[in-house]
4 protein chains.
Amino acid sequence: MPKRRALSVALIGTKFMGRAHSNAWRQAPRFFDLPADIRMAAICGRDRAGTSRAAKILGWEKAVIDWKAIIADPLIDIVDICTPNDSHAEIAIAAARAGKAILCEKPLARNVAEARRMVDAVKRARVANMVCHNYRRVPTVALAKQMIDSGKIGHRIYHFRARYAQDWIADENFPLVWRLQSKVAGSGALGDIGAHIIDLARFLVGEIAVVSAVSETFVKRRLTKNRQPARVDVDDAVSVIGKFRNAAILNLEATRFARGRKNQLTFEINGSRGSLAFDLEEMNRLRFYDSADPNQTRGFRDIIVTESKHPYVGNWWPPGHIIGYEHSFVHTVADFVKAIVARKKIEPDFTDGLKTQRVLDAIQRARPLSSL
Amino acid sequence: MPKRRALSVALIGTKFMGRAHSNAWRQAPRFFDLPADIRMAAICGRDRAGTSRAAKILGWEKAVIDWKAIIADPLIDIVDICTPNDSHAEIAIAAARAGKAILCEKPLARNVAEARRMVDAVKRARVANMVCHNYRRVPTVALAKQMIDSGKIGHRIYHFRARYAQDWIADENFPLVWRLQSKVAGSGALGDIGAHIIDLARFLVGEIAVVSAVSETFVKRRLTKNRQPARVDVDDAVSVIGKFRNAAILNLEATRFARGRKNQLTFEINGSRGSLAFDLEEMNRLRFYDSADPNQTRGFRDIIVTESKHPYVGNWWPPGHIIGYEHSFVHTVADFVKAIVARKKIEPDFTDGLKTQRVLDAIQRARPLSSL
Amino acid sequence: MPKRRALSVALIGTKFMGRAHSNAWRQAPRFFDLPADIRMAAICGRDRAGTSRAAKILGWEKAVIDWKAIIADPLIDIVDICTPNDSHAEIAIAAARAGKAILCEKPLARNVAEARRMVDAVKRARVANMVCHNYRRVPTVALAKQMIDSGKIGHRIYHFRARYAQDWIADENFPLVWRLQSKVAGSGALGDIGAHIIDLARFLVGEIAVVSAVSETFVKRRLTKNRQPARVDVDDAVSVIGKFRNAAILNLEATRFARGRKNQLTFEINGSRGSLAFDLEEMNRLRFYDSADPNQTRGFRDIIVTESKHPYVGNWWPPGHIIGYEHSFVHTVADFVKAIVARKKIEPDFTDGLKTQRVLDAIQRARPLSSL
Amino acid sequence: MPKRRALSVALIGTKFMGRAHSNAWRQAPRFFDLPADIRMAAICGRDRAGTSRAAKILGWEKAVIDWKAIIADPLIDIVDICTPNDSHAEIAIAAARAGKAILCEKPLARNVAEARRMVDAVKRARVANMVCHNYRRVPTVALAKQMIDSGKIGHRIYHFRARYAQDWIADENFPLVWRLQSKVAGSGALGDIGAHIIDLARFLVGEIAVVSAVSETFVKRRLTKNRQPARVDVDDAVSVIGKFRNAAILNLEATRFARGRKNQLTFEINGSRGSLAFDLEEMNRLRFYDSADPNQTRGFRDIIVTESKHPYVGNWWPPGHIIGYEHSFVHTVADFVKAIVARKKIEPDFTDGLKTQRVLDAIQRARPLSSL
């Protein structure tokens with residue numbers, strides 16, 4: 001019997017995404033039949049104590065505080081980048097040069113120029129690469145994709161509208177964290193959560209041709225964590241219209257100022273035959289309207305996406321037993337591992353990340369609107 | 001005891017809106033304490049047999065087939081215009097000159113020029129005038145307005161987004177009715193249903209400063225009712241972004257191509273303190289989030305707007321007994337009658353209709369979008 | 001041309017039900033093609049001033065204060081009984097003897113003995129008779145019945161569960177109105193709202209074979225309207241289990257002590273193939289699950305019951321334009337008029353009322369429960 | 001520094017519950033600050049190959065096929081029983097005698113006699129003991145308990161109604177698995193899923209005083225897995241009414257014949273001030289109605305139970321990021337470990353299991369219902 005392959009993973013980043021990815025690497029082999037064993041080899045953070053604690057709690061073999069040591073370690077197969085946006089390019093390019101497979105948190109970069117350099121690096125190095133747009137692998141979203149591809153809502157798509165709404169900075173006294181600083185984050189709600197729905201638009205409908213946008217910074221000054229007043233130089237909210245290449249109309253909103261919406265990513269797609277609707281806060285349900293149903297009994301179906309025939313979710317629990325947010329990361333790393341071993345292309349890769357970045361940039365330089 | 005005043009109404013139009021307005025004039029005195037009696041004096045249509053039948057079924061004293069006879073009749077106090085859009089201006093201006101109070105279906109006109117002439121006419125004649133944006137008087141919408149005005153969602157509004165979605169022409173074989181012809185309707189989904197949500201935007205948040213828009217005619221050729229092929233020269237759907245004068249972000253969509261959405265007018269408003277959400281297909285409910293609620297028990301409240309303290313609805317049935325679509329027209333005519341007798345301004349009047357028309361026109365001439 | 005028949009109606013009762021029935025008689029000819037004209041001839045109440053006012057506001061030709069004058073009037077064809085329960089039997093029996101068609105509010109009587117005398121009277125007199133269980137004619141409920149009859153949820157029914165929940169007396173300071181007095185009302189929540197869901201159980205599933213019940217009077221003493229302390233001698237809530245003759249399991253609850261439930265009548269029916277669910281507070285929607293749908297896209301359909309093919313509702317407005325509570329009474333009187341003219345049996349008639357009363361009585365004399 | 005304690009766990013059972021509990025033991029230390037390390041020492045199943053595979057996939061150090069070896073192993077601290085119901089008593093009593101802490105799947109036993117022997121055994125041995133009614137530790141349910149205890153719905157409870165509905169055996173061709181055999185399972189839907197809602201009734205409201213019940217076996221004959229025809233001798237569904245000692249009315253249903261309901265555990269509780277409603281298929285949400293809210297803005301609040309202040313859930317992800325079914329088991333073992341180390345009583349323990357068993361038995365011997 002040939003020895004089963006093992007892949008060693010190093011994770012860079014110990015905060016929210018670090019925790020979510022750690023869980024994914026730990027859980028994936030328990031619920032999915034992976035073609036390789038996973039070794040959770042190292043986690044890398046900025047301070048020694050915190051990183052050591054994270055390693056122990058999150059289940060990594062060792063703690064590292066210099067990411068370059070990760071890159072230099074020949075035993076590491078996969079580098080998983082969960083740092084703030086301003087370090088994605090540098091780390092990813094170094095990892096590519098070192099021949100590592102790379103999973104990178106979204107948005108891929110702060111701008112098109114950075115993203116293009118990253119794509120060049122992974123192409124030149126021919127390394128496996130993936131952007132962690134985890135929502136593609138929420139079972140409900142994956143089912144929506146299957147249904148669209150098989151014509152369930154018809155052969156033409158008319159509308160894609162999505163909204164990603166949160167309210168965690170609606171309080172004016174919330175401090176100026178890195179996600180509110182242009183030089184670290186690139187943009188505000190746009191790159192952080194807008195990137196997710198742009199990725200879903202591209203995944204579910206296709207490439208975007210034209211856009212127009214309006215954005216606003218509602219709270220223009222905040223205190224830093226050290227209580228210093230500072231200007232907020234990213235968008236608090238952005239609203240976008242546009243067209244896909246296939247003539248479908250695009251409507252997107254990303255905001256952190258929607259009181260009561262905690263992590264609400266909703267989309268609705270209307271096709272020539274039917275419609276689909278999704279809400280991340282009820283992420284185990286897909287609404288589906290089929291105009292081919294009998295007239296008297298037509299209506300949006302509330303599909304509880306927990307059946308064994310549904311993507312991913314049959315690996316978890318019996319029908320009706322719902323899964324949560326973090327499972328989408330488990331599915332992401334499971335698919336990434338399979339793609340690495342099979343040497344197959346995986347989506348969304350860095351090229352997808354670049355295309356999404358082009359949309360982000362186009363939104364940021366959108367022309368002024370017409371005055372009344 | 002002074003003799004109680006009676007107001008004689010003449011309705012022009014016998015189709016969908018004619019039926020809805022007839023019901024309103026008939027029901028208003030039964031449920032609201034009006035300061036005048038209502039005489040349903042005449043209904044006017046184009047063919048004699050149909051109009052006579054309508055008069056009998058809908059409860060009008062006589063049937064008339066020349067609207068000019070209505071205008072010329074000195075006994076008529078109120079002219080209610082429910083005709084296609086291309087005759088609004090001519091009838092309304094004639095009615096104003098004859099000193100009639102005027103209730104006119106929306107959109108007020110086909111374009112700003114027409115609307116301006118209508119405003120001039122009613123101002124010159126000093127006649128009571130109202131545009132029938134009936135949704136302002138859905139109790140839930142009226143409650144939303146009260147709550148916004150009293151600061152329930154805070155002193156700043158950040159977002160207003162609304163969508164009016166239908167699917168009655170999503171079938172490519174649906175014929176080319178007047179609502180799909182530019183010369184009669186002025187525009188497509190925009191003027192027909194988009195006008196309603198623009199009116200609500202202005203009602204609930206304030207005047208709009210800038211807009212950008214994208215529209216599409218998905219089915220470009222249809223058969224007329226006589227089975228002749230013809231070009232569709234109005235929009236099937238439009239998507240709009242913009243800003244209000246108070247810096248709030250506007251996002252609007254109007255479409256007749258959303259499979260499964262029958263008459264779904266939804267809006268959500270996010271303020272500095274809370275949020276409101278509405279869906280016309282569940283029109284007796286208002287969702288309200290108050291960030292001032294205790295942390296542990298915060299959540300969108302599902303207010304069933306049927307309490308005696310809620311606007312209008314206490315005049316109908318006990319709490320929990322819901323009302324329907326047509327009741328909004330009853331409230332509209334009840335308020336119009338009160339305003340006429342009290343000689344008070346009523347909203348939305350023709351000036352409001354003109355302002356809404358300016359937004360419609362700005363959307364139609366919106367600049368091209370930025371290509372990627 | 002033969003002269004069209006006219007039917008003269010007299011309504012006894014001027015309160016909540018009097019208003020709802022008045023509206024029904026007024027609206028039915030406007031929306032339904034009736035085989036006779038309706039003359040709203042007389043309304044009868046207890047005090048002269050209030051009844052005169054009611055006649056004017058509600059649209060009746062004259063006001064009467066002695067119901068026996070109604071019975072004695074040979075010009076009256078239909079007597080509509082909207083009085084408290086303790087006078088149903090006396091009035092209905094007198095009306096039957098006088099040859100009137102009778103529409104009687106529910107519950108038919110205070111007990112089986114009374115109900116039986118009423119049935120005997122209408123049978124002997126061979127007069128048209130109907131109990132106003134208006135919820136049978138909510139379009140959604142009528143659609144549910146059609147679907148069950150055509151096998152949409154399968155040939156066996158396993159479960160019928162219904163709950164009618166209100167909260168209008170949950171406040172301990174609410175006074176002792178007639179609905180809280182046994183000698184007038186017969187029972188409390190049971191007869192008032194429980195009767196409706198028993199009628200629906202019989203309508204949708206069939207006759208009930210056995211029952212067990214538990215009830216409670218949570219607030220045992222209240223003040224009368226004259227501020228005198230008095231004992232509450234009816235149930236505040238009742239919970240019932242049982243079996244239908246076809247072996248389906250029955251589960252019913254009626255309560256006026258469910259905070260937040262204003263007029264919530266819900267039911268769910270599970271059959272061998274599918275399920276149906278209904279909520280009166282969202283009365284234009286029927287949830288339908290069909291296990292024969294494809295595995296991947298199965299889910300409860302949210303049918304908006306406003307299509308032209310749906311029962312009754314096509315007579316009102318286009319799809320998606322919802323109707324309200326009072327429309328169920330319009331449908332009831334429209335069907336009653338058609339049955340009278342066609343000399344056909346109508347359901348639910350007094351015999352149905354008696355059968356429902358037998359269930360009410362069986363619930364009231366249910367055996368004590370097993371102690372643990 | 002004192003050496004940190006480690007607790008060695010052995011799990012008996014490798015199927016659905018075995019997988020859920022394995023996940024719980026694996027995840028608990030990653031998300032909760034436990035006072036001891038967890039060693040996943042052994043998993044025990046019936047066949048060697050399957051158990052070895054389970055050990056590897058689920059993360060247990062070794063595979064065992066004789067549960068008595070587990071009991072005999074002095075290094076095992078905790079025995080976690082996930083076997084079919086007929087072996088609970090034997091294993092638990094042996095484990096107690098061996099001084100192990102015991103976590104036992106529900107229902108505790110097949111009947112009161114068995115349950116009593118188990119209670120006696122753990123009391124005599126003074127070992128930590130817990131029944132795995134995991135739904136008590138769904139954050140939403142735990143929040144409901146906190147709110148009830150702090151008077152949020154008032155000082156009196158009027159109604160508790162719950163329903164646990166599934167449809168996995170609604171298909172007549174589904175085979176006769178152990179859960180459909182009385183000698184293994186004790187009862188059908190009653191003990192399997194009814195036990196959960198009886199536990200929740202006791203947890204949230206208090207002890208039950210009297211009950212009445214009706215049950216049915218809708219499909220009386222099924223094929224065994226070996227295709228042999230056999231009689232089904234457990235209930236397919238049961239419907240229960242009763243009273244709590246505090247006079248609140250109880251209404252429960254458990255069924256496996258509700259088409260479209262996959263794992264729907266719903267409850268609603270009505271108190272003198274407010275109401276709570278829950279649905280396991282939307283388990284991150286709690287509906288809360290507070291009659292003390294202002295009249296105009298009262299309505300059921302839709303609380304998304306993902307805030308840091310909510311029980312358990314703050315240990316997972318930021319607000320709005322929902323968790324799933326299996327997390328309730330993680331919370332259960334985390335609390336059990338804390339109780340073991342702190343030598344504190346934990347609920348629900350075997351005494352609770354016995355009390356629940358008394359209710360199950362009372363339901364099974366309920367008196368016949370009254371015939372009509």
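Guide: Let us begin with a pair of residues on neighbouring strands. In this predicted model, A:D80 has A:L103 as its bridge partner in β5(A). The strands concerned, β4(A) and β5 (residues 101–105) of chain A, are joined by 4 bridges and run parallel.

Visitor: Which residue of β4(A) is the bridge partner of A:L11?

Guide: That partner is A:D80. The pairing belongs to strand β1 (residues 6–12) of chain A and β4(A), which lie parallel over 4 bridges.

Visitor: Are the faces of β4(A) covered or uncovered?

Guide: To decide, one looks at the residues on each side of the strand. In β4 (residues 78–81) of chain A, A:I78 and A:D80 are buried on one side, and A:V79 and A:I81 are buried on the other, so that both faces are covered.

Visitor: What kind of unit do β4(A) and β5(A) make with a helix?

Guide: Together with helix α4 (residues 88–97) of chain A, the two strands form a β-α-β unit, and the unit is right-handed.

Visitor: How should I read the exposure of a residue such as A:R53?

Guide: One counts the C-beta neighbours around it. A:R53 has 14 of them inside 10 Å and therefore counts as partly exposed. A:R53 belongs to helix α2 (residues 48–58) of chain A. Between A:R53 and A:L103 there are 50 residues of sequence separation and 23 Å in space, taken from C-alpha to C-alpha.

Visitor: What is the order of the strands in the open sheet of chain C?

Guide: The sheet has 6 strands, in the order β3-β2-β1-β4-β5-β6 (chain C), and the pairing is parallel. At its edges stand β3 (62–64) and β6 (129–132) of chain C; each has a single partner strand, so one side of each lacks a neighbour in the sheet. From one strand to the next, the twist averages 25°.

Visitor: Which helix packs on this sheet?

Guide: Helix α4 (residues 88–97) of chain C does so, touching β1, β4 (78–81) and β5 (101–105) of chain C. The direction of this helix makes about 170° with that of β5(C). Within the sheet, β1 (residues 6–12) and β2 (residues 37–44) of chain C pair in the parallel sense over 7 bridges, and C:L11 has C:I43 as its bridge partner in β2(C).

Visitor: How many residues does each chain bring to the contact of chain A with chain B?

Guide: Chain A brings 45 residues and chain B brings 45 residues. On the side of chain A that touches chain B, β8(A) gives the most, with 8 residues. That side divides into 22 nonpolar, 14 polar and 9 charged residues. Moreover, 2 bridges join β8(A) to strand β17 (residues 370–371) of chain B, and these strands run antiparallel. One may look at A:V211, whose bridge partner in β17(B) is B:S370.

Visitor: Which elements of chain B give two or more residues to the side that touches chain C?

Guide: The contact takes 25 residues from chain B and 25 residues from chain C. On the chain B side, the elements in question are α1 (16–31) and α2 (48–58) of chain B. By class, that side has 11 nonpolar, 9 polar and 5 charged residues.

Note on methods. Residues numbered from 1 in each chain as written. Chains lettered and ligands numbered in written order. Predicted model: local features only at pLDDT ≥ 70, side-chain atom pairs only at ≥ 80, totals over all residues. Contact = placed C-beta atoms within 7 Å. Nonpolar A, V, L, I, M, F, W, Y, C, P; charged D, E, K, R; others polar. Pairing = 2+ DSSP bridges. Axes fitted to C-alpha atoms, helices over the stretch in contact; angles between N-to-C directions. Buried ≥ 20, exposed ≤ 12 C-beta atoms within 10 Å, placed from the backbone. Right-handed = clockwise from strand over helix to strand, strands pointing away.
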